Amino acid sequence: MNSRRSNKIIINVGNPLIGEAPARVEAAVLAFAEANGLMGIHPLLLTGAMISMNPEEFRDVPGLTTQQIAALERENTMTFWDQTKELRTTIFTCAIAAIVQGWDQSSINGANLRWPHDLGIHIGSPNGSDTGKSTRDLWIFALINAAPFLFGAICGSWLCDPFSFKGGRRFAICFSGIFCFFSTIGSAFVGTWQQLLACRVLLGIGMGAKASIVPVYAAEIVPAHIRGSVVMNWQVCDALGILLGFSANLAFYNITPLSWRLQLAAPCIPAIPLLCLIYTCPESPRFLIKRERFRDAYKSLLYLNETPLQAARDLYLIHAQNLAEIDSYNLRAAKRPAILQRQGAPNLVASAPANPLQDGIELGEITIHSREANGPAAARTLNPWRDLQEFWEAPGFWIKFYQLFTVQRMATSLLAAAVLMIAQQLCGVNVIAFYSSTIFSSGDTTGPRKELNALWVGWGFGLTNFLAAFPAYLIIDKGGRRPLLLATIPILAISLIAAAFSFKIPEGSKAHNPVIFLFVIIFTIFYSVGLGPAPFTYSAEVFPQGHREVGMSFAVFCNFLGAGILSLTVPFIIDKLPLTSLMGLFAGLNVVAWVLIFFLVYETKQAQLEEMRRIFSVTTIDYIKYQFFEGLPWIWRYIITLGQTPGIPPPYRFRRARNQANAP
């Protein structure tokens, strides 16, 4: 029975060129170059393909120069400062986008202290200036806090795919930045709560779109060995944005009656350099390859790699891996034969000589023409607004969305990404981030000093959230995503339980707020190392190229919807439940999150994006059984032996070894 069951498992490889006959690869590379107007770099493509056939023995490939060998030797050990100037600029721009995101989130925290009174919303006030409270106004207050996340989930997160479809990653990021910029400016000039709600809805659209596309863009442009730490910049710089938001809340606190207006408008500051820098960055080469714009993809790869050989190697290998993955799903079986028999693009033909590209990158005396448009494809101007209707009317989006749930490899990665995104909300961090000014405005002080104390608690949370994220840079790519999460989540639960009991300290005691704050800081430290950076890093890397946008959109939808529901309900929970019960509730949810992650989240450290199908080839049911029969016993042995027990192989290797053991 075991033998028959094991025969159903297919262990995919990430590199389809390994093991292929050199003559077949040479013919495929030639066909690819001829079909796509790349004969000017055909020698580089061929050499790159030969390297990809046996990456560990690249020195044996004839014709390599000393410079090329040196570049290949150090490419997997290069740090951020060793990367090209263009790649560093792109990473910096993505970091600014995350700062905008964090600042947008935290600005409302300080504004919550005063905007309800000024706009006629009666929810009670910590300083005693508003003692009235109504259920209707409490719902309005909660809705305005929750609106960016609810509409980011419902609208913003799904705009990633259509705006990338024709305009590319950079256009989608620029679009989101424009929404964030003007909605925050508008928030400073509102006269009614309805106008503020409208601005918050527009802000949510920009935030949802930005959260869906920026981590994907970062994951697609960086080398695999630093991808985890670079994509983790999203969370680290989001934490920096939260800190800057809390700092602005403190800075503008005494500027009455404009304080809350300035606090809500302040996030427009980092949006300005984001909009200025985004089009100085190269477009994602993986996106361009998916769109079969191979010349433009090669240009981008030249910016991102040290030598043209590495750019040509990556161009052909990414294309080959994409086609191999498509073939493995049988998504286009009738149109796409085996990978080495079809390497060209269906809508492009080579034609007469033309000038080289304007930026001086020589691709040869061939220009590309599109059968679907007049003029050279490289010079064709895209109109994303005109093409949106084409996108939504085409079956592509809905087919991809359907396949997320029906194709095993995609459904497995979707479930893992959704679990992490939901777990980030279950842990309770956003309750502190959104409502610390409400939760911690208790104690023996009254009036404005009470509000100021609450703002300082928020600032301390923001500072800790930012600084504590830096150790994750050293762990996430070396130690892995799963160990980081499984080791830190139990401490989140314990610290919340301790904070819950700390609320039992009498409010008149000098120890009341400091003890609670201590456990909140401990919680924040371990959140920033684990559940803070991991979900967006993980979700940006696990989906295949053709489904990455829609997969990331669904993951962000889960995250933002969870944040929106929390924002909407927490004011009522605080009003009805003691804070001890609130903290205890989220401590229990952390336990639930740990169990879900242990059984449903796969490890992805240092794998190429195109190699994820090998990891997710193990079905969810088989993975749960693997963790139950192998993972749990290993944890017990690890504890008993004080860390001296050897590790177990990942599930696909484990299954391969077991299959061999069961073979007759």
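Across the whole structure, 4 cavities of 30 Å³ or more are found. The model is predicted; local features require pLDDT of at least 70 and side-chain atom pairs pLDDT 80 or more, while totals for chains, interfaces and linings use all residues. Residues are numbered from 1 along each chain as its sequence is written, and side-chain values use heavy atoms, without hydrogens or water.

On a 1 Å grid over the protein atoms alone, a cavity is a set of points where a 1.4 Å probe fits but cannot get out; a pocket is an open set with protein on both sides within 12 Å along at least five of seven lines. Lining residues have an atom within 4 Å of a point. Points are joined across faces, edges and corners, and a volume is the space filled by probe spheres set on them.

The largest cavity holds about 200 Å³. Its lining comprises 20 residues, with Gln-105, Gln-235, Asp-238, Gln-424 and Asn-430 nearest the centre. Helices are DSSP runs (H or I, at least four residues), numbered from the N terminus. Two or more lining residues come from each of α5 (85–111), α11 (233–251), α19 (408–426), α20 (429–439), α21 (448–467) and α26 (548–576). The most, 4 residues, come from α11. By class, the lining has 11 nonpolar, 8 polar and 1 charged residues (nonpolar: Ala, Val, Leu, Ile, Met, Phe, Trp, Tyr, Cys and Pro; charged: Asp, Glu, Lys and Arg; polar: the others, Gly among them).

The second largest cavity has a volume of about 50 Å³. Its lining includes Ile-91, Val-214, Val-231 and Trp-234. At least two residues each are supplied by α5, α9, α10 and α11. This lining has 9 nonpolar residues, 1 polar and no charged.

The second largest pocket has a volume of about 1200 Å³. Among its 41 lining residues, Glu-75, Asn-76, Ala-224, Arg-313 and Gln-608 are the closest to the centre. Helix α16 gives the largest share, 6 residues. The lining divides into 17 nonpolar, 13 polar and 11 charged residues.

Helix α29 (residues 620–640) has 21 residues and should therefore span 30 Å, at 1.5 Å a residue (1.5 Å times one less than the number of residues). Its end C-alpha atoms lie 29 Å apart, which agrees. The helix bends by about 35° at Gln-627 (the angle between axes fitted to the seven residues ending there and the seven starting there). Gln-627 is also one of the buried residues of α29, along with Thr-620, Asp-622, Tyr-623, Tyr-626 and Gly-631 (buried: under 20% relative accessible area, 1.4 Å probe, protein chains only). Leu-642 follows α29 and has a positive phi, near 55°.

Technical notes: Buried < 20%, exposed > 50% of the residue type's maximum accessible area, 1.4 Å probe, protein only.
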